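Have a look at the picture before reading on.

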Amino acid sequence: MSAPAIFKSVLLPVDIWETPASLKHVSTAAGIALANACPVHALTVLPDAAAIEHYRFSAVTFDDALARAESELRALLERMVPAAVSWTCGVVRGDVYKEILRTAQDRAVDLIVMAAHRPRMTDFLIGSNAEKVVRHAKCSVLIVRE
Ligand code: ADP
């Protein structure tokens with residue numbers, strides 16, 4: 001007898017510019033989705049046009065940067081999420097934590113899975129976006145630590 005599903009859909013915010021070592025939460029979200037037979041929606045947020053260079057895009061327009069980010073996100077999911085898990089993904093412009101909260105509401109997800117912070121930010125128990133999402137989300141939030 002298999003265990004009853006607890007979650008119906010999972011939001012997976014992904015900072016695609018992070019090192020693979022800090023993407024443990026991607027595998028965690030995929031494992032939860034597999035166990036619950038539920039879909040995952042992965043989301044990457046591009047903060048603003050001025051940040052494009054910082055994010056190593058040589059693209060000149062914001063639309064180019066969005067398209068490029070989406071193809072990187074897709075490649076990452078194809079690599080890290082088992083074929084049995086159904087997933088969708090999107091890249092949006094805006095403030096990271098606000099777009100995560102907005103997407104969680106719009107898609108009526110019941111779980112958000114995030115990493116605690118960037119690896120080099122270990123002095124902080126929790127990153128600024130993770131903290132704000134935990135504080136304001138209406139659904140459950142899982143913070144995955146290394
Ligand atoms: P830090 O302040 O150390 O960068 P964050 O709170 O920003 O920590 O990062 C923790 C988590 O927030 C990441 O694992 C990811 O889930 C989410 N996140 C951060 N930046 C982005 C982004 N640009 N797009 C989507 N999710 C993000």
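We begin with the ligand and then turn to one helix.

This is a predicted model, in which local features need pLDDT of at least 70 and side-chain atom pairs count only at pLDDT 80 or more, while totals for chains, interfaces and linings use all residues. Residues are numbered from 1 along each chain as its sequence is written, and side-chain values use heavy atoms, with hydrogens and water left out.

Now look at the backbone. An oxygen atom of the ligand lies 3.1 Å from a polar backbone atom of Ala 115, and a ligand oxygen is 3.3 Å from one of Ser 128. Taken alone, the ligand exposes 550 Å² (Shrake-Rupley method, 1.4 Å probe), and the protein buries 93% of that.

Next, trace helix H1, residues 24-36 (helices are DSSP runs of H or I, at least four residues). Which of its residues are buried, meaning under 20% relative accessible area with a 1.4 Å probe and protein chains only? They are His 25, Val 26, Ala 29, Ala 30, Ile 32, Ala 33 and Asn 36. Seen down the axis of H1, these buried residues fall within an arc of 160° (taken from the directions from the axis to the C-beta atoms), so they line one face of the helix.

Key
Polar contact = N/O pair within 3.5 Å; in protein donor to acceptor, adjacent residues only side chain to side chain. Buried < 20%, exposed > 50% of the residue type's maximum accessible area, 1.4 Å probe, protein only. Helix = DSSP H or I, 4+ residues; strand = E, 2+ residues; numbered from the N terminus.
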